[in-house]
Amino acid sequence: MTTDWTTLAPWALTVLALLLLGVQGLINARRIARLRQQLRDNSENLVRELHATSSGSIGVGNRVIACERQLHELRAQFDEMRQNDPLRVSYDEASRLVDLGADVDDLMNTCGISRPEAELVSALRRRQQRAA
């Protein structure tokens with residue numbers, strides 16, 4: 001039995017095409033597996049980075065809260081110091097005495113302030129009284 005090349009050629013080409021499709025399928029399967037692994041690795045890296053970023057944000061938030069708390073405490077201390085300032089009380093008392101008609105010497109003796117300070121308080125209060 002002699003077979004003619006022309007009758008076997010279509011079968012040979014079909015087998016060759018199927019082999020090439022099989023090889024291409026194996027190559028694509030390996031490529032897909034490699035891409036899936038890269039995708040998993042990238043996803044894990046993103047999860048770690050997101051975790052690090054959120055941890056950092058929480059730390060910064062806690063520090064901001066601590067700074068705000070300290071700011072409020074300092075503000076309260078400042079307000080308290082301002083209210084209890086003996087010099088401020090002296091100037092307030094001096095202004096009140098000027099309103100009552102005290103002169104510079106009375107201000108110096110009563111409030112414990114220097115002559116220039118007493119003259120300044122007296123001048124300022126009189127100017128405010130004239131403006132009002």
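I take buried to mean under 20% relative accessible area, exposed over 50%, and partly exposed in between, with a 1.4 Å probe and protein chains only. By that scale I note Glu-93 as partly exposed, with a relative accessible area of 28%.

**Entry 1: the model**

I am working with a predicted model, in which local features need pLDDT of at least 70 and side-chain atom pairs count only at pLDDT 80 or more, while totals for chains, interfaces and linings use all residues. Residues are numbered from 1 along each chain as its sequence is written, and side-chain values use heavy atoms, with hydrogens and water left out. I looked up pLDDT (the predictor's confidence in each residue, from 0 to 100), and found that the chain has a mean of 87, with 94% of its residues at 70 or more. Helices here are DSSP runs (H or I, at least four residues), numbered from the N terminus. Confidence in the chain is lowest in α2, at a mean of 74, and highest in α1, at 92.

**Entry 2: helix α1**

I looked at Leu-13, which is found in helix α1, residues 5–83, and which is exposed, at a relative accessible area of 56%. Together with Leu-16 and Leu-20, Leu-13 forms a nonpolar patch on the surface, and the three have about 320 Å² of accessible area together. For such a patch, residues need over 30% relative accessible area and no salt bridge, and nonpolar side chains (Val, Leu, Ile, Met, Phe, Trp, Tyr) are joined within 5 Å; the areas come from the Shrake-Rupley method with a 1.4 Å probe. Further along, Ile-58 also lies in helix α1 and is exposed at 55%; I find Ile-58 and Ile-27 to be 47 Å apart in space, C-alpha to C-alpha, and 31 residues apart in sequence.

**Entry 3: the core**

Which residues make up the largest nonpolar core? I list 10 residues in all: Ala-94, Leu-97, Val-98, Ala-102, Val-104, Leu-107, Cys-111, Ile-113, Ala-118 and Val-121. The elements that give two or more residues to this core are α2 (86–99), α3 (104–111) and α4 (115–131). A core of this kind is a set of buried Ala, Val, Leu, Ile, Met, Phe, Trp, Tyr and Cys residues joined through side-chain atoms within 4.5 Å.

Leu-107 lies in helix α3 and counts as buried, at 0% relative accessibility. Leaving out residues up to four places away in sequence, I find that Leu-107 touches (contact means heavy atoms within 4.5 Å) a list of residues including Ala-94, Gly-112 and Ser-122.

**Entry 4: salt bridges**

How many salt bridges does a search of the whole structure find? I record 3, a salt bridge being a side-chain nitrogen of Lys or Arg within 4 Å of a carboxyl oxygen of Asp or Glu. Glu-93 pairs with Arg-96, the closest N and O atoms being 2.4 Å apart, and both lie in helix α2, 3 residues apart, about one turn of the helix.

Arg-125 and Asp-99 meet through their side chains at 2.7 Å, N to O. Arg-125 lies in helix α4 and Asp-99 in helix α2, so this pair ties together parts that are 26 residues apart in sequence.

Asp-105 forms a salt bridge with Arg-115, again with a closest N and O distance of 2.7 Å. Because Asp-105 lies in helix α3 and Arg-115 in helix α4, the pair ties together parts that are 10 residues apart in sequence.

Terms used: Patch = residues over 30% accessible without salt bridge, like charges linked within 9 Å, V, L, I, M, F, W, Y side chains within 5 Å.
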